[in-house]
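Subject: Handover of a structural model

Dear colleague,

Please find below the structure that I am handing over to you. The notes that follow it set out what was found.

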Amino acid sequence: MDGVSSYQSGGGGRNGDLHKYSHSIGSNIQKISQNVKSMQQLVNQLGTDQDNQQLRAQLHQVQHYTGGLAKDTTVELRTFKSLPVPPGQDTRTWHMQAERLTREFSQALNDFQNAQRQAASKEKEALKKARADSDAQFFEDSRQGGALLDLGDSENKGRSQQSQMQIQMEQEQEMQALQERESQIRQLEANIMDVNQIFKDLATMVHEQGEVVDSIEANVEAAQVHVSQASTQLSEARQYQNKARRKKVCLFGIGLVVLTVLILIIVLSTKN
């Protein structure tokens with residue numbers, strides 16, 4: 001009795017795990033979709049007057065969090081698919097649930113990666129423009145500094161030195177900001193590669209399930225081949241049987257003819 005209770009308790013636990021992972025995966029997919037919408041709104045502001053360091057930092061924070069959420073969801077989905085269906089539960093229902101979650105997760109990942117690529121493309125364009133503006137400003141500042149030095153006045157020279165120091169500090173800050181943006185773009189591209197890996201993991205899971213389906217289909221095809229072969233053999237046996245029957249009829253006919261001829265010969269001989 002205790003063994004039965006323990007078994008039922010274990011089955012209920014497995015059933016609880018299935019529901020737990022199913023709910024968690026569905027919740028994660030919903031969060032990913034919501035984050036993608038937030039990312040899209042931020043991406044649309046890149047390269048506009050609203051584009052600033054705070055906006056880019058917020059965009060990278062959202063996409064970094066979403067990438068981590070996608071990795072966690074992949075692990076949970078693999079675990080969910082590996083859980084056995086408890087006795088008394090409809091296996092087909094849980095398999096359909098796993099397929100639905102996989103399909104929705106794949107779509108959410110696809111939307112996420114599209115948003116990432118748009119962000120990377122826009123940030124590269126913005127960085128290129130910022131570099132061009134920085135180079136133009138550097139050339140203008142250098143020209144103005146040279147003009148002040150040509151005046152020859154000691155006061156102007158002092159002002160020029162202070163101005164050059166100010167310009168140098170601003171250029172260093174600007175260069176640091178550009179390098180930070182480059183680093184963010186590299187990180188974004190690395191995160192895109194992480195999503196590519198998640199897609200590969202999903203493809204592997206689907207392929208593993210596909211092997212089972214292929215195995216079932218192969219068994220069905222094998223059964224069809226055996227049935228076809230049996231049908232062919234029966235057809236051949238029927239043909240052999242018909243040939244044998246026709247041969248017997250022919251032999252019987254020939255024998256009957258010979259017998260009739262012999263009887264006629266005997267009858268004629270007797271009369272003579």
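This is a predicted model: local features need pLDDT of at least 70, side-chain atom pairs count only at pLDDT 80 or more; totals for chains, interfaces and linings use all residues.

The term salt bridge is used here for a side-chain nitrogen of Lys or Arg within 4 Å of a carboxyl oxygen of Asp or Glu.

Residues are numbered from 1 along each chain as its sequence is written, and side-chain values use heavy atoms, with hydrogens and water left out.

Overall composition

The secondary structure of the protein chain comes to four helices and zero strands, in the order α-α-α-α from the N terminus on. These elements are DSSP runs numbered from the N terminus, with H or I over at least four residues for helices and E over at least two for strands. Of the 272 residues in the protein chain, 25% are buried. The accessible surface is about 18,700 Å², and carbon and sulfur atoms account for 55% of it; the areas come from the Shrake-Rupley method with a 1.4 Å probe, and for residues only the protein chains shown count as cover. Among contacts (heavy atoms within 4.5 Å) between residues at least 6 apart in sequence, 85% join residues at least 24 apart.

The nonpolar core

A nonpolar core is taken as a set of buried Ala, Val, Leu, Ile, Met, Phe, Trp, Tyr and Cys residues joined through side-chain atoms within 4.5 Å. The largest one has 33 residues, and those with the most contacts inside it are Ile32, Leu59, Leu77, Phe80, Phe105 and Leu109. At least two residues of this core come from each of α1 (2-43), α2 (53-82), α3 (91-149) and α4 (154-271). Helix α3 gives the largest share, 10 residues. Beyond its neighbours within four places in sequence, Leu109 is in contact with Ala70, Val195, Ile198, Phe199 and Leu202.

Helix α2 and its partners

Helix α2 has 30 residues and reaches 44 Å from its first C-alpha to its last, close to the 44 Å expected at 1.5 Å a residue; the expected span is 1.5 Å times one less than the number of residues. At the start of α2, a side-chain oxygen of Asn52 reaches to within 3.1 Å of the backbone nitrogen of Gln54.

Two residues of this helix deserve a separate note. Gln63, placed in α2, counts as buried because its relative accessibility is 2%. A polar contact of 3.0 Å joins its side chain to that of Gln116. Such a contact is a pair of N or O atoms within 3.5 Å; within protein, one must be able to donate a hydrogen and the other to accept it, and residues adjacent in sequence count only if both atoms are side-chain atoms. Not counting residues up to four places away in sequence, Gln63 touches Met39, Phe112, Gln116, Leu188 and Asn191.

Leu69 is also found in helix α2 and counts as buried because its relative accessibility is 8%. With neighbours within four places in sequence left aside, Leu69 is in contact with Asn28, Lys31 and Ile32. The C-alpha atoms of Leu69 and Asn28 are separated by 6.9 Å, although the two are 41 residues apart along the chain.

Further salt bridges

The structure holds four salt bridges. In one of them, Arg56 pairs with Asp51, the closest N and O atoms being 2.9 Å apart, and both residues are buried. In another, Asp194 pairs with Lys71 at 3.6 Å between the closest N and O atoms. This pair also links distant parts of the chain, Asp194 in helix α4 and Lys71 in helix α2, 123 residues apart.

Yours sincerely

Conventions:
Buried means under 20% relative accessible area, exposed over 50%, partly exposed in between (1.4 Å probe, protein chains only).
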